[in-house]
Amino acid sequence: MILSCSNIDKTFVDNHVLKNASFHIEDYEKAAIIGINGAGKSTLLKIITGHLSADAGIVTFAKDKNYGYLAQHQAVDSENTIFDELLTVKQEVLDLEASIRQTEADMKLVSGEKLELLLKKYANLTHRFEDMNGYACKSEITGILKGLGFAEKEFDKKVATLSGGQKTRVALGKLLLQKPDLIMLDEPTNHLDLNSIAWLETYLLNYKGAVIIVSHDRYFLDKIATKIIEIDNGVVSSFHGNYSDYAVQKERLRTEQLNAYLNQQREIKHQEEVIDKLKQFNREKSIRRAESREKMLDKIERLEKPTEVRSDMKLTLTPHRTSGNDVMQVEGLSKRFDQHLLFENVSFEIKRGEHVAVIGDNGTGKTTLLKIINELLPMDSGIIKLGTNVEIGYYDQEHHVLHMDKTLFEEISDDYPDLTNTEIRNTLAAFLFTGEDVFKKISALSGGERGRVSLAKLMLSEANFLILDEPTNHLDITSKEILETALNAYEGTVLYVSHDRYFINKTATRILELTHQQFVNYIGNYDYYLEKKELLTPVSDTPAANGKAEAPSTQKLDWKQQKETQALLRKKENDLKKCEEKIETLETKNAALDDEMAKPEIATNSAKLQEIAKEKAAVEAELETLYTKWEELSES
């Protein structure tokens with residue numbers, strides 16, 4: 001075991017982020033921490049690394065083990081070039097190489113015993129140099145930089161001149177070069193293109209140490225993770241397997257918890273009904289039984305109803321009207337910025353109902369294409385034709401469609417003046433903005449919150465052609481799944497740019513890859529694209545004959561069992577009803593006998609009184625038997 005976390009607790013003001021969190025990481029294990037935005041994933045990493053203190057709990061690292069940590073945002077300020085910055089990690093190797101060169105120079109100047117000593121020193125130095133893979137040091141740096149998306153011509157760029165995303169990639173490269181026993185990465189794929197993400201997957205899969213990743217990239221987690229650590233409402237749970245395994249286990253667990261809760265609620269209701277009925281019998285034994293049941297009911301540990309999976313966020317995309325079959329036709333489209341050519345003379349068309357994903361490396365012009373279609377940028381040449389009745393709804397990753405100086409309420413009301421105040425509030429509530437939240441300025445919102453506002457406007461647009469630029473950026477996994485469900489149910493046409501391979505796999509019916517200034521067309525989802533690109537070995541078909549053969553017999557068996565269960569249930573209900581009817585009849589008769597015995601003429605007639613008393617005793621004895629039988633039937 002390389003890391004142990006025991007009973008970690010953390011509260012920010014009134015937000016109990018982590019509640020007695022406990023888990024451990026084994027040597028060589030690849031673990032992923034998941035949870036909705038704000039769940040406490042980054043907080044947990046910061047506590048593990050000592051960047052933040054816990055309110056309670058213990059973090060323990062194995063002796064002689066070290067770790068490396070990559071936060072989401074890196075302030076790498078250096079006057080070094082990109083290559084030289086990574087070379088600083090290998091300072092020990094550089095120093096060793098300098099010593100070797102110096103020893104070589106010294107050996108030329110001495111002889112005899114001094115030369116013998118220098119030869120021994122030289123042998124030791126070169127041996128250490130080889131152990132540290134010194135000869136491959138610079139090629140290793142080159143491989144990592146290229147893997148992370150840096151072209152060789154960029155190696156001489158100053159780190160200080162890089163963007164925030166590029167600096168994060170430099171920091172990631174340095175961390176990978178250090179080769180710590182445990183790597184901790186917070187959203188490592190945010191600034192990587194598809195090829196770089198695939199490279200990082202392979203690197204981490206073959207990594208000889210342990211890895212902890214915080215990520216919303218489900219495709220990445222499926223490839224890397226062997227354990228999922230979930231933070232849900234402050235509670236930390238561990239699941240073996242990758243993300244897909246976790247999703248199955250989580251749904252099964254949630255179903256079991258919901259069934260247990262519903263069963264307990266049914267049992268509680270049933271016991272309360274039995275108690276009420278026993279009290280209605282108003283007999284000493286039945287009242288004692290009722291009291292006994294009440295005590296048992298009070299001792300039951302009530303289960304909490306499991307929360308629905310983001311049931312309060314609702315996204316329904318419905319076109320106002322149907323477009324023509326030909327939604328968009330692009331002919332001879334070209335675009336360059338100064339001397340940088342993005343694409344040239346490209347042509348393609350989109351038909352109604354297609355879900356087309358545009359993919360490609362960073363900087364190839366994917367977002368530019370969407371902006372040209374939406375007339376936010378001019379084209380250099382070409383024609384874009386929209387079909388009959390096509391109405392575009394645009395989701396911009398930079399949220400330029402939002403007005404930073406407006407409140408959420410104004411953002412909706414100004415664009416949709418026909419909506420009532422209640423309708424605007426209900427729309428915003430569907431995207432988790434309630435109460436005073438609606439009066440926040442757009443400029444004060446986080447990236448994820450702005451994304452939700454843009455989705456709200458998209459929903460209201462009732463467009464039949466959605467154009468989306470990185471729609472899953474800043475969304476947590478649950479929100480992504482809600483968007484996926486909405487898009488798959490959408491009857492219109494979709495064109496989108498995304499780096500989220502899981503999202504593409506779930507929603508795309510066609511892929512356009514922008515490569516070498518041209519579009520390559522693939523009819524299928526992301527797995528199909530990979531297969532055709534020969535990046536993955538095709539999965540062999542699994543014979544389904546057994547499953548098909550067993551299905552009918554299983555179905556028949558289930559049907560037969562269901563019929564038998566229903567028959568038993570009907571019999572029990574009939575027996576219970578008959579028992580209650582007989583009890584009611586005998587209680588009525590018993591009451592009539594009491595009235596009879598109370599009459600003056602009977603009270604003075606000892607023979608008649610004795611006869612009625614004997615009959616009453618028989619009725620009460622039968623009632624006692626029936627009460628017991630009723631209770632047994634109620635429990636069965």
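**Notes on the predicted model**

1. Glu462 sits in the loop joining helix H14 (447-461) to strand S15 (465-469); helices are DSSP runs of H or I with at least four residues and strands runs of E with at least two, numbered from the N terminus. Glu462 isn't a glycine, yet its phi is positive, near 55°. Its relative accessibility of 37% makes it partly exposed (buried is under 20% relative accessible area, exposed over 50%, partly exposed in between, with a 1.4 Å probe and protein chains only).

2. A word on ground rules: this is a predicted model, where local features need pLDDT of at least 70 and side-chain atom pairs pLDDT 80 or more, while totals for chains, interfaces and linings use all residues. Numbering runs from 1 along each chain as its sequence is written, and side-chain values use heavy atoms, leaving out hydrogens and water.

3. Confidence: pLDDT (the predictor's confidence in each residue, 0 to 100) averages 85 over the protein chain, with 93% of residues at 70 or more. Residues 536-559 are the stretch to watch: pLDDT stays under 50 there, and the model gives them four contacts beyond four places in sequence (contact means heavy atoms within 4.5 Å).

4. Asn7, in strand S1 (residues 3-12), also has a positive phi, about 55°, without being a glycine. Asn7 is partly exposed, at 42% relative accessible area.

5. On cysteines, the whole structure has zero disulfides (a disulfide being a pair of cysteine sulfur atoms within 2.5 Å). Cys5 is buried at 1% relative accessible area, and Cys137 is buried at 4%.
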